[in-house]
Amino acid sequence: MIARALATAALLLAACGRSNESILRELERDDPRLDAVLERGGAAVPARGDLRATTLPMRGRIPTVDGSVNGVGMPLVLDTGTSHVSLAGPAARDARVHVPRREATSVLAPGHDVPHRLAVFETLDVGGMSFGPGVATVAEREASHWRGAIVGCSVLSRFRVTFDFRRDEVRLAPHGGPGYAHTLFTQVEVNGKPYWMLVDSGASRVVLEPWMAVDLGLITQEEAVGLATKAERETGVRRARVRLETVKVSGREFQNVPGWVLATFAEGSETHGTPVGGLLGLKAFGPLAWTLDFGAKRLTVEGG
């Protein structure tokens, strides 16, 4: 079961306005077949047919392509910073997803932590390929005027995914192995110090946990206390802008990289036995091409 998930692009789902609660009540129903999908929890969403290599134009501040959920066309954000599929309230209503009568679950996002309801979609289509049925989440309290879905690693992990910010296109190539719903972490050096960070196509900057910013001497311990507090909605998020002298990743060194300091992960979150330092926002590095090979669990970069 999805207990929590990392969703940088969940910022898109958090906008002031009418609560999603009425939408979720409208979508609640009993369906034992779809309820059974929830028992897979955060596992990879099954493919409906063969997978193939494809190239798609992408647009927007974060990588967005055209697709559909339950046959309803909508923009899809391809976000490696989240483990699952998330739906805006209006998109969930348009697609008539199944919402079981269950308690809300916690979904982590940069600077805020909003309860979400689990849902089940029948089909998700992107690049001429179809997936489903699969687990999604819908924010319980927040409302959004955006009508789309965020597609995370439960779908993307079946591919080598190249985000080419030079050509504004994304390339999907099946790696032939099983998919999964885990996000991809990589080791980086920031200002000469090593850290593990989550590879996040949905973040436009490098996002540092407050403890990491203190470790680098970018903020004081007193400043970190306030920045470590999570808000109940995106509009209350506290962040600090920083500039990173150097970031070394995938054998390349970048200078003067923009960053934010804000709390994303839960206290005690670790990977490879060390605390998670933050989010490696790929767009922060300019017009490059990044390939996440979810089969080999490897990150490479080209261009620049």
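Student: Which strands form the open sheet, and in what order?

Tutor: In this predicted model, 5 strands form an open sheet with antiparallel pairing, in the order S1-S12-S11-S20-S21. Its edge strands, each pairing on one side only, are S1 (54-57) and S21 (298-302). From one strand to the next the twist averages 15°, where axes are lines fitted to C-alpha atoms, for helices over the stretch in contact, and angles run from 0 to 180 degrees between N-to-C directions.

Student: What counts as a strand, and when do two strands pair?

Tutor: Strands (E, at least two residues) are DSSP runs numbered from the N terminus, as are helices (H or I, at least four), and two strands pair if DSSP finds at least two bridges between them. Residues are numbered from 1 along each chain as its sequence is written, and side-chain values use heavy atoms, with hydrogens and water left out. As this is a predicted model, local features need pLDDT of at least 70 and side-chain atom pairs count only at pLDDT 80 or more, whereas totals for chains, interfaces and linings use all residues.

Student: How many bridges join S1 to S12?

Tutor: There are 4 bridges between S1 and strand S12 (residues 169-174), and the two run antiparallel; threonine 54 stands opposite leucine 172 in S12.

Student: And in S20, is aspartate 293 buried or exposed?

Tutor: Aspartate 293, which is found in strand S20 (residues 289-293), is buried because its relative accessible area is 10%, given that buried means under 20%, exposed over 50% and partly exposed in between (1.4 Å probe, protein chains only).

Student: What is aspartate 293 in contact with?

Tutor: Leaving aside neighbours within four places in sequence, aspartate 293 is in contact (heavy atoms within 4.5 Å) with Phe159, Arg160, His175 and Arg298. The side chain of aspartate 293 also reaches the backbone nitrogen of alanine 296 at 3.0 Å.

Student: Changing topic, which peptide bond is cis?

Tutor: The one from glycine 132 to proline 133 is cis, with omega near -5°, and proline 133 is found in the loop between strand S8 (129-131) and strand S9 (134-139).

Student: What about phi of asparagine 70 and serine 250?

Tutor: Asparagine 70, in the loop between strand S2 (64-69) and strand S3 (72-78), has a positive phi of about 55°. Serine 250, in the loop between strand S16 (240-249) and strand S17 (252-261), has a phi near 50°. Most residues other than glycine have a negative phi, and most peptide bonds are trans.

Note on methods. A polar contact is a pair of N or O atoms within 3.5 Å; within protein, one must be able to donate a hydrogen and the other to accept it, and residues adjacent in sequence count only if both atoms are side-chain atoms.
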